[in-house]
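Please look at the sequence and the model first, and then read the notes grouped below.

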Amino acid sequence: MTRKFWKRTEPLTRTEPDHTKPDHTEIARLLPPPSAPPMPLDRQLLFEEHLLNEIRTHAPALAPAATKRPVRRVLLIALPVTAAALAAVLAVGALTNGVGEPRTGTASVEAPVVPVEEGSALQLVSTVQQIAAAVSTRPTPEPKPGQYIYVKSKVSFLSFSHNGDTDESRTWVQPLHQREVWRTPDALKGWLDEPGYQAEGGITLDSDGPHSKPVNGQDVPGAPLRHSYDWLKAQPTDPDALLKVIYTTVSGPRDRDQQAFETIRAIVNEQLVPAQSAAALYRAAAKIPGVIVVQNSQDAVGRTGLALARLDVQNGERTELVFDRTTFTYLGSRGIQVKQVNDIKPGTVTERTAVLERAVVDAQKERPAPGTTA
């Protein structure tokens with residue numbers, strides 16, 4: 001089967017050989033050069049690395065069936081990638097055919113299914129005012145040049161399997177696992193450690209490293225990278241002005257409003273955000289068309305709270321930013337299927353994150369002392 005890699009917007013189809021059509025390599029060659037990515041370059045390339053890990057991992061072999069063909073599977077990650085990565089995904093079905101569970105670094109588990117609560121925009125303004133008031137007075141450490149911003153999270157993302165013989169589909173997710181990121185304030189140096197999903201010991205995020213080289217002609221080494229701490233601190237704290245800046249960082253065929261909302265999600269998930277910038281970000285999020293409040297949501301480790309949320313009408317998935325309902329601290333994010341698309345049933349939790357620690361440390365790979373997190 002084939003399926004669009006970065007968003008679930010295309011129907012499932014069988015992938016029987018058809019020599020009358022150009023192969024995937026030829027299709028990739030004919031694609032236009034990728035536009036500026038709608039997400040920070042380092043995260044974009046990290047998700048491409050997830051794909052490459054999947055390609056290099058073979059499914060466990062079982063006894064062959066006499067009359068059954070293998071189940072065709074494909075890995076899905078619910079974030080955008082470049083045209084080059086999309087071309088690689090078009091070939092992944094041929095590389096991951098097999099039987100047994102889909103492989104996403106380690107054995108996947110069935111995606112949780114929860115009741116879908118209908119949100120409302122009626123309390124959006126008052127809720128965001130409470131969130132902004134709380135974060136604007138919350139002290140945050142000031143990283144110095146040469147120091148590192150450390151963020152520790154628990155995360156889980158989506159994979160998918162489809163049986164071409166029975167036309168049955170199942171939705172899987174990665175087991176909840178730890179992710180640690182270190183970045184300098186200018187984001188020119190960094191490190192990612194995600195056991196089971198990256199090389200043992202982690203990978204570099206340095207601007208001159210293999211995962212961070214400019215590919216679109218716009219990311220210039222030595223310049224502050226988009227969504228870095230220094231970049232964010234230099235942006236206006238007026239919500240309207242900040243939102244205009246965020247819209248300039250998104251591109252591509254997807255809904256620009258959804259991309260802007262997910263950009264805010266990406267920033268607050270793995271960045272240290274100055275207090276006034278955080279307040280402006282959440283106020284800006286409330287100005288994006290389609291944003292609502294969901295009264296009951298949950299992060300990856302089970303902490304409950306309310307959420308600012310937006311539905312991607314193209315794929316039926318709602319992105320939720322979860323806040324503690326008492327302190328209004330940002331807890332993490334959740335993706336939940338609201339409308340059935342491509343056999344992914346409503347209520348399916350397609351992704352989960354939980355921010356566990358944020359801190360400023362003196363060296364790469366250094367972890368904060370207990371009680372020093374932001």
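Three aromatic pairs are present in the structure, where rings of Phe, Tyr and Trp (its six-membered ring) pair if their centres lie within 6.5 Å, and planes under 30 degrees apart count as stacked, over 60 as edge-to-face and the rest as tilted. This is a predicted model, in which local features need pLDDT of at least 70 and side-chain atom pairs count only at pLDDT 80 or more, while totals for chains, interfaces and linings use all residues. Residues are numbered from 1 along each chain as its sequence is written, and side-chain values use heavy atoms, with hydrogens and water left out.

**Tyrosine 150 and tryptophan 182**

- The ring centres of tyrosine 150 and tryptophan 182 are 5.2 Å apart and their planes meet at 50 degrees, so this pair is tilted.
- Tyrosine 150 belongs to strand β5 (residues 148-156) and tryptophan 182 to strand β8 (residues 177-183), and the pair links distant parts of the chain, 32 residues apart; strands (E, at least two residues) and helices (H or I, at least four) are DSSP runs, numbered from the N terminus.
- Tyrosine 150 has 1% relative accessibility and therefore counts as buried, a term that means under 20% relative accessible area, with exposed over 50% and partly exposed in between (1.4 Å probe, protein chains only).
- Tryptophan 182, at 1% relative accessibility, also counts as buried.

**Tyrosine 282 and phenylalanine 323**

- The rings of tyrosine 282 and phenylalanine 323 have centres 5.0 Å apart and planes at 85 degrees, so the pair is edge-to-face.
- Because tyrosine 282 lies in helix α9 (residues 275-286) and phenylalanine 323 in strand β13 (residues 317-323), the pair ties together parts that are 41 residues apart in sequence.
- Tyrosine 282 and phenylalanine 323 are both buried, and Tyr282, Phe323 and Tyr330 form one aromatic cluster.

**A charge over a ring**

- The charged end of lysine 365 sits over the ring of tryptophan 191, 4.1 Å from its centre, where the term requires NZ of Lys or CZ of Arg to be within 6 Å of the ring centre and within 35 degrees of the ring normal.
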